Amino acid sequence: MSSTLNAAGAGGPQSLKKVLGPLQLWGIAVGLVISGEYFGWSYGWNSAGTLGFLCATVLVAAMYATFIFSFTELSTAIPHAGGPFAYARRAFGPFGGFIAGFATLVEFVFAPPAISLAIGAYLNVQFPSVDPKMIALGAYVVFIALNWVGVSIAATFELFVTLLAIFELLLFMGIVAPGWSMANFVANGWAGQNEFSGVALAGIFASIPFAIWFFLAIEGAAMAAEEARDPKRTIPIAYVAGILTLLVLAFGVMIFAGGVGDWRQISNINDPLPQAMKAVVGENSGWLHMLVWIGLFGLIASFHGIIMGYSRQIFALARAGYLPRYFAALSPRFQTPHRALLAGGAIGVVAIFSDSWVSFGGQTLTANIVTMSVFGAIVMYIMSMASLFKLRKSEPLLERPYRAPFYPVFPAIALALGVFCLGAMVWFNTLLAGVFLGLFALASAYFFLTGQQRADAPEDVMLAGSR
């Protein structure tokens, strides 16, 4: 495996430093996702109600649990900064890699502006006179800079804020518990009605993107695999511990927030937890102000971690010739993909300031950005599971330090649920699905016009495999 690891950094100066241990990778895996426990998911209540959304979340949790246990096989066998792009490229060739790379880019580039807007909304609770968009812009500046100065510093910071965010979520559950009641949680819980109906069933399907938001981007830790000291050992520890952590937090936060008052009051906002706590402790409570301040750490952890993820994806795609070689450069001083950091940031800033002219389906900009990010994620999940099946067949001798448990059942469940979720999303988000396909068509045109760019890219044994 050592010769393969060296090949991952083909091109000499473009090698990434191996500095991450299992605890840091766990911090990245959980930190990438944990903002999903703070905001975004409550939009699912808007269409499904508390009980309907609980059903959607159980379905999605099953998909993610089986997916992560299967995905870990790929990330340990092929510890490449491209993550899903690398697996699909090795399994299905250049165009397969393109599909997975495009989908991952959409997921990781669209998620940060949604999170930065939520950061702005949280701080706006404390400082109503400050424009949330300017706070969002400031977040990009600060955390692109932090990622620029080195992955070790960035990962240590990520671990710190992730631990604080977990502590805060547990504290939230404890503080609101005295005000929780089952009657509040189940009232109008089937899409605004007290009885299950066809409307509730449709609402469950429509809420799937927001249930996915609970777990979205956990797979991004695979993009730090090239920077892990011992990927065979550290990646399985990080992923298994990470998905178990997130399952507990997701269900705990959703259930506790839904039973403290009229859940409909927090079903279409960016800061559901402070508003839920306000119903229990009042708006002048020190607990509420503490939640706002410490709660920011959850948003910051995901924002910071996903910036790390998109920069590695852009870097890996550029290194392999799928994007202009310009973005494969590393900072001479810090050996970090600084141009890739700036490129993803530019797209995010445009998204932040575009809500005055972008509106789909009567949803907020944040809800639409979340949905677009989820489209990318689901396509990537499908490609990853397809890659797992393909590589098991085409490369039976590939070294697999971790093998998916209950193969082929777990990856088959993850693949089937991924296809189901994608179908439900297309049905209920036709216009956004069209935008996603439009972006894919433009990206495909670029792919077919730049074949020479890939031919000129340095050889990478991890991508070529044994075929």
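So, the nonpolar surface patch: F127, V130 and W293 make it, and it comes to about 260 Å². Keep in mind that this is a predicted model. V130 sits in the loop between α4 (84–126) and α5 (132–148), and at 33% relative accessibility V130 counts as partly exposed.

Okay, on to salt bridges. Searching the whole structure turns up 6 of them. Let me walk you through a few.

Take R400 and E73: their side chains meet in a salt bridge at 3.1 Å, N to O. That pair links distant parts of the chain, with R400 in the loop between α14 (365–394) and α15, and E73 in helix α3 (residues 43–77), 327 residues apart. Buried or exposed, at 10% relative accessibility for R400? R400 counts as buried, because the cut-off is under 20%. E73 is buried too, at 1%. There's also a network here: E73, R392 and R400 are linked by salt bridges.

Next, E395 with R90, where the closest N and O atoms are 2.8 Å apart. E395 is in the loop between α14 and α15, while R90 is in helix α4, 305 residues apart. E395 is buried at 3% relative accessible area, and R90 is buried at 7%.

Then there's E399 and K232, with 2.9 Å between the closest N and O atoms. E399 is in that loop between α14 and α15, K232 in helix α10 (residues 231–258), 167 residues apart. Here E399 is partly exposed at 34%, and K232 is partly exposed at 35%.

Helix α8 (residues 198–206) packs with helix α15 (residues 409–428) at about 110°, axes 8 Å apart, so α8 is roughly perpendicular to α15. A202, F205 and A206 of α8 make the contact with F420, A424 and F428 of α15.

How values were computed: Residues numbered from 1 in each chain as written. Predicted model: local features only at pLDDT ≥ 70, side-chain atom pairs only at ≥ 80, totals over all residues. Heavy atoms only, no water. Patch = residues over 30% accessible without salt bridge, like charges linked within 9 Å, V, L, I, M, F, W, Y side chains within 5 Å. Areas by Shrake-Rupley, 256 points an atom, 1.4 Å probe, with all protein chains shown as cover. Salt bridge = Lys/Arg side-chain N within 4 Å of Asp/Glu carboxyl O. Helix = DSSP H or I, 4+ residues; strand = E, 2+ residues; numbered from the N terminus. Buried < 20%, exposed > 50% of the residue type's maximum accessible area, 1.4 Å probe, protein only. Axes fitted to C-alpha atoms, helices over the stretch in contact; angles between N-to-C directions. Parallel < 35°, antiparallel > 145°, perpendicular 65-115°, else oblique. Contact = heavy atoms within 4.5 Å.
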